[in-house]
Amino acid sequence: MSKPIKLILVTAEHHPQHKMWIKLVKEIAEQTGLEYEVRIEDYILLTEHGDTDDLGMAWLPQLLVRLDNGEYKVLLSRMPLNKALQPDIKKAKEEILNKLKEF
């Protein structure tokens, strides 16, 4: 079974939720003990390993994990929303931590 070794956040500094995603990856890294990397607009990585639309286009931000066997897996590609349609960081953390437990 593969082990997570690094969190990779692909984002854009002009994205309205950029700071929120940075804070999220830092908190997950601290909680799990994994190192993290922030990449700016790395569409090649996302096209090859991230979520894409039906035309093969990737969007930002997305959080991936690199496994010890060299694979990349998507941890979060869309921020969950609460009932007020606001970003739900708590739910995002739960989703990410649950996916990490699968490895």
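The model is a predicted one, in which local features need pLDDT of at least 70, side-chain atom pairs count only at pLDDT 80 or more, and totals for chains, interfaces and linings use all residues. Residues are numbered from 1 along each chain as its sequence is written, and side-chain values use heavy atoms, with hydrogens and water left out.

Helices (H or I, at least four residues) and strands (E, at least two) are DSSP runs, numbered from the N terminus. Helix α1 covers residues 18-32, and at 1.5 Å a residue its 15 residues should span 21 Å, which agrees with the 21 Å between its end C-alpha atoms. The expected span used here is 1.5 Å times one less than the number of residues in the helix. Burial is judged by relative accessible area with a 1.4 Å probe and protein chains only: buried means under 20%, exposed over 50%, and partly exposed in between. In α1, the buried residues are His18, Trp21, Ile22, Leu24, Val25, Ile28 and Ala29. They cover an arc of only 160° around the axis, so they sit on the same side of α1; the arc is that of the directions from the helix axis to the C-beta atoms. Lys19, Lys23, Glu30 and Gln31, on the other side of α1, are exposed. The cover over the buried residues of α1 includes strands β1 (4-11), β2 (35-40), β3 (62-67) and β4 (72-76), together with helix α3 (89-101), where contact means heavy atoms within 4.5 Å. Just after α1, Gly33 adopts a positive phi of about 80°.

Attention now turns to charged side chains. Side chains of opposite charge can pair when their charged atoms come close. A salt bridge is taken as a side-chain nitrogen of Lys or Arg within 4 Å of a carboxyl oxygen of Asp or Glu, and by this rule the count comes to seven. One of them joins Lys6 to Glu37, with the closest N and O atoms 3.0 Å apart. This pair links distant parts of the chain, since Lys6 is in strand β1 and Glu37 in strand β2, 31 residues apart. Lys6 counts as buried because its relative accessibility is 14%, whereas Glu37, at 22%, is partly exposed. Glu37 also forms a salt bridge with Arg39, the closest N and O atoms being 2.9 Å apart. Arg39 in turn meets Asp42 in a salt bridge (2.9 Å, N to O). Through shared partners, salt bridges join Lys6, Glu35, Glu37, Arg39 and Asp42 into one network.

Two further spots round out the picture. Val38 lies in strand β2 and is partly exposed, with a relative accessible area of 32%. Elsewhere, Glu95 lies in helix α3 and counts as partly exposed at 26% relative accessibility. Leaving aside residues up to four places away in sequence, Glu95 touches Leu76 and Pro80. Glu95 and Lys6 are 89 residues apart in sequence and 17 Å apart in space, C-alpha to C-alpha.
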